[in-house]
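Here is a short briefing for someone meeting this structure for the first time. Please look over the sequence and the model before reading on.

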Amino acid sequence: MTKSSRLDGARILITGHTGFTGSWMALKLAALGAEIHGFALAPDTKPALFDLADIWSALKSHTLGDLADYSLLLDTVQRVAPDAILHLAAQPLVLTGYAQPIRTFLTNTQGTAHVLEAARLTPSVRGVVAITTDKVYMPDPKALPFSEASRLGGKDHYSASKAAAELIIEGYRHSLSVWNRPMRIEVARGGNIFGGGDFAPHRIIPDFYRAVQSGTALKLRKPEAKRPWQHVLDLCEAYRLLLERVLNPDEKATGDNWNFGPEPQASIKVIDLIKRLEAVWQPVPLDIETGPPETLNLALNSQKARSQLGWQPRLTLDEALKLSAEWYRAALERPDQLATLTRQQIEAYGA
Ligand SMILES: NC(=O)c1ccc[n+]([C@@H]2O[C@H](COP(=O)([O-])OP(=O)(O)OC[C@H]3O[C@@H](n4cnc5c(N)ncnc54)[C@H](O)[C@@H]3O)[C@@H](O)[C@H]2O)c1
């Protein structure tokens, strides 16, 4: 992969580098020449992409810690003295939010405040790229597709914790001039992200993998829910563009909010996604059940990112599903080759 002018040699601290997206980002940024440091909890799935893809080898340093532990986080940020922080660490699951609301708010909301405060107090940090979600928008069928100006809200703990994090970010952006602290804060709101190496519970493609692995039925909670499906590599590219932006010395603004959604034809029902995944992988028996309420339909208007950042998804939904099927098949049949395969998928996608 060609080195990027602004990222080559840049020191980037990734929060959440032991997770699904964080692992892909660590590899991608390292391939672009950046020096990568991580702060996160230990991987909490078995197996974990972090171990399977040998993310260690891409890291310059690695701190295991909780975002709730502000003094450890501040120490880490000051010791690493990064040029930019990519803030991915979160409790990212709607269902876990119902089971652990306090933990979800501590990690997602207070944790974001901790990251911003540590960044503000560390002069090397030129900017923070904070990853929230399309679920920060107040569910309203009449407001679809959501633009960056749509109303924030959230009718479950995960969504509310991320919308609250965005209010904190807005407060920081407006206060930076009061502190005379030049720092950019960019926010990325993406949809339902999938790709090889996600082993989280209650997510449809990891559930599909587990159904194949165990030979059991795939449980579908909301088969009719329409979601914007996106491959992790398309999001990683969006996060790269935002990191380049916060590192651009000519950029004067204090940061902005960005939607990164798929093409409209990639917003399809869960049941239709499963049929297309079966076509490129293998059929699985289905078990349709009902679960707690979740927003039924979500769609993002990403015109701003297209026109101002030049970002657009490069993978069609079928290409993205094929890449994922290839990765998960390898996880079942030749796990020792996953470190190579993950790097090959990044290289083939390009910067
Ligand atoms: N995966 C998706 O579909 C999706 C969609 C939209 C937004 N997002 C957002 O993208 C980000 C990454 O999601 P993911 O799917 O890679 O999640 P993940 O669960 O795979 O990884 C989460 C990471 O955060 C870390 N973490 C969690 N709680 C922490 C704490 N208290 N202190 C320190 N570290 C902690 C974990 O150790 C892990 O490294 C999250 O902010 C998530 O909300 C994800």
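The points below cover the sheet, a helix pair and some backbone details.

This is a predicted model: local features need pLDDT of at least 70, side-chain atom pairs count only at pLDDT 80 or more, and totals for chains, interfaces and linings use all residues. Residue numbers start from 1 along each chain, as its sequence is written. Helices (H or I, at least four residues) and strands (E, at least two) are DSSP runs, numbered from the N terminus.

**The sheet**

- Seven strands form an open sheet in the order S3-S2-S1-S4-S5-S6-S10. The pairing is parallel. Two strands pair if DSSP finds at least two bridges between them.
- Strand S3 (59-64) and strand S10 (257-260) are the edges, and each pairs on one side only.
- Neighbouring strands are turned by 20 degrees against each other on average, direction ignored. Axes are lines fitted to C-alpha atoms, for helices over the stretch in contact, and angles run from 0 to 180 degrees between N-to-C directions.
- Gly190 has Phe260 of S10 as its bridge partner.
- S10 is covered on both faces. Asn257 and Asn259 are buried on one side, Trp258 and Phe260 on the other. A residue is buried if 20 or more other C-beta atoms lie within 10 Å of its own, exposed if 12 or fewer, and partly exposed in between; C-beta atoms are placed from the backbone.

**The helix pair H5 and H6**

- Two packed helices are described by the angle between their axes and the distance between the axes.
- Helix H5 (residues 101-120) packs on helix H6 (residues 157-175) at an angle of about 15 degrees. Their axes are 9 Å apart.
- H5 and H6 are therefore roughly parallel to each other. Angles under 35 degrees count as roughly parallel, over 145 as roughly antiparallel, 65 to 115 as roughly perpendicular and the rest as oblique.
- The residues making the contact include Pro101, Phe105 and Leu116 of H5, and Tyr158, Ile168 and Tyr172 of H6. Two residues are in contact if their C-beta atoms, placed from the backbone, lie within 7 Å.
- By class, this contact of H5 with H6 has ten nonpolar, six polar and one charged residues. Ala, Val, Leu, Ile, Met, Phe, Trp, Tyr, Cys and Pro count as nonpolar, Asp, Glu, Lys and Arg as charged, and the others, Gly among them, as polar.
- H6 also lies across strand S5 (127-131) and strand S6 (184-190). H6 runs at about 155 degrees to S6.

**Cis peptide bonds**

- The bond from Lys46 to Pro47 is cis, with omega near 0 degrees. Pro47 sits in the loop between S2 and helix H2 (49-52).
- The bond from Leu144 to Pro145 is also cis, with omega near -10 degrees. Pro145 is in the loop between S5 and H6.

**Positive phi**

- Asp54 is not a glycine, yet its phi is positive, near 55 degrees. Asp54 lies in the loop between H2 and S3. Asp54 is partly exposed, with 16 other C-beta atoms within 10 Å.
- Ala81, likewise no glycine, has a positive phi of about 50 degrees. Its loop runs between helix H3 (70-80) and strand S4 (84-87). Ala81 counts as partly exposed, because 13 C-beta neighbours lie inside 10 Å.
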